[in-house]
Amino acid sequence: MDGYRNTVINDLGLLGFVNDVVYYDSVDSTNTLISGLARGGAGEWTVVVADSQSEGRGRQGRVWHSPPGVNIYTSFMVKPDISYKHVPAMSLLAGMVVATLVEQCTGMPAEIKWPNDILVKGRKVSGILLDLLSDDHSGNCVVVGIGINVNADASVYPGSLAETSTSLLLLTGRTFDRAEMLVSLYSLFYKWYKVYAGHPGFDGIREQFMQRFRMIGEHVRIMSGPETLVGVVEGIDEYGGLVVMDPDKRMVTVKSGDVHLL
Ligand code: BTN
C-alpha cells in the first residue's frame, strides 16, 4: 500500500498542472473530502486519491462499492471560467476521457451510457459523479469523482453487482498499475479539459464522445427525479442534454436522470 501511496503522490505531483495531491488509505468519499477542501479554499487541480472508501457515493444517491487494494477512487476540482449552462457537459467530458483510457488499457471498445457510465461488453467498468459547488464569489467550482474497477475480481462485487459490473482484470486477464493509470487519466483529462474550456459546452468534444455513444435509436425509460419519460434517443444537445422523442413525437431534452434501455 505504501508503494501505491508514494508513487501516487510522487508521479501525480510531477504533472505540471496538478496543484496538490492528497492521498488516503481509507476515506468516507473522495468527493465529500475534496468538497470540504474546496470550501476551505483549496486551489484548482487539487487531486484526492484513496485506496478505499467507506461511503463511496454513486449517482442518484446510490452507493459506490469501494474495496481496498484493487481499484481507482479519485476526485479533483476545477473552476471553469464558463457560463453555468455549459457546466453539465463536463459530465460527458469526464465520461469520454475515462472511456478513452479504458480503451487504451484494454484494447477493447468502450461504450458511454449517457451521461457518463462506461461499459465494456455491456458491463460497467467505471462511474463518474460530479458535484457542483458554486457561490456568488468564486463562480463555478466543479468536483469530478471517478471510480474505475481495475484489478477487482468477481468475488469483490456483492449481489447483483456481480452481474452488471466488470473490471479491467476481468476483461483482459491482466493486472494494471493503478498509479500509472492515474497519471494517464489526469494527463488525458487535462488535454481534453483545455479543449472544452476553449470551446465550452458539448460541441468541442462531440466527435470523441459520439464515437463511443451507441444509444441513438434506442428505446429508453428515463427516471429524472419524480418523473419518468419513455421514448427513443435522438441525440445530444449543445449543453450535453439527452434528446428523446416521446410517444407523441415531441422532442424532449433531459438534463439529468437514470436511463434504462428497454
Ligand atoms: C456512479 O456511476 O453511480 C458514479 C460513481 C462514482 C464513484 C466515484 S469513486 C470516487 C468518487 N468518490 C465518490 O464517493 N464517488 C466517486
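A backbone N or O atom of arginine 57 lies 2.7 Å from an oxygen atom of the ligand, a polar contact (a pair of N or O atoms within 3.5 Å; within protein, one must be able to donate a hydrogen and the other to accept it, and residues adjacent in sequence count only if both atoms are side-chain atoms). On its own the ligand exposes 420 Å², of which the protein buries 99%; accessible areas come from the Shrake-Rupley method with a 1.4 Å probe, and for residues only the protein chains shown count as cover. This is a predicted model, in which local features need pLDDT of at least 70 and side-chain atom pairs count only at pLDDT 80 or more, while totals for chains, interfaces and linings use all residues. Residues are numbered from 1 along each chain as its sequence is written, and side-chain values use heavy atoms, with hydrogens and water left out.

**Ligand surroundings**

- The ligand is surrounded by 19 residues, where a residue counts if one of its heavy atoms lies within 4 Å of the molecule.
- The closest of these residues are Ser29, Gln53, Arg57, Arg59 and Lys124.
- For arginine 59, a backbone N or O atom lies 2.6 Å from an oxygen atom of the ligand.
- Glutamine 53 places a polar side-chain atom 2.9 Å from a nitrogen atom of the ligand.
- At least two residues of the shell come from each of α2 (30-39), β3 (72-78), β6 (123-135) and β7 (139-148); helices (H or I, at least four residues) and strands (E, at least two) are DSSP runs, numbered from the N terminus.
- β6 gives the largest share of the shell, four residues.
- By class, the shell holds four nonpolar, eleven polar and four charged residues; Ala, Val, Leu, Ile, Met, Phe, Trp, Tyr, Cys and Pro count as nonpolar, Asp, Glu, Lys and Arg as charged, and the others, Gly among them, as polar.

**Salt bridges**

- The structure holds ten salt bridges (a side-chain nitrogen of Lys or Arg within 4 Å of a carboxyl oxygen of Asp or Glu).
- One of them joins the side chains of glutamate 103 and arginine 212, at 3.0 Å from N to O.
- This pair links distant parts of the chain, 109 residues apart: glutamate 103 is in helix α3 (residues 89-106), and arginine 212 is in the loop between α7 (206-210) and β8 (219-224).
- Both glutamate 103 and arginine 212 are buried (under 20% relative accessible area, with exposed over 50% and partly exposed in between; 1.4 Å probe, protein chains only).
- Aspartate 117 and lysine 124 form a salt bridge through their side chains at 2.9 Å, N to O.
- Aspartate 117 is buried, with a relative accessible area of 9%, whereas lysine 124 is partly exposed at 21%.
- Aspartate 246 meets arginine 250 in a salt bridge of 3.1 Å, N to O, and aspartate 246 is buried, with a relative accessible area of 8%.
- A network of salt bridges links Arg59, Arg62 and Asp258.

**Backbone geometry**

- Most residues other than glycine have a negative phi, and most peptide bonds are trans.
- Tryptophan 45 is not a glycine, yet has a positive phi of about 60 degrees.
- Tryptophan 45 sits in the loop between α2 and β2 (46-53) and counts as buried at 5% relative accessibility.
- Glutamine 60, also not a glycine, has a positive phi of about 55 degrees.
- Glutamine 60 lies in the loop between β2 and β3 and counts as partly exposed at 47% relative accessibility.
- Tryptophan 114 and proline 115 are joined by a cis peptide bond, with omega about 0 degrees.
- Proline 115 is in the loop between β4 (111-113) and β5 (117-120).
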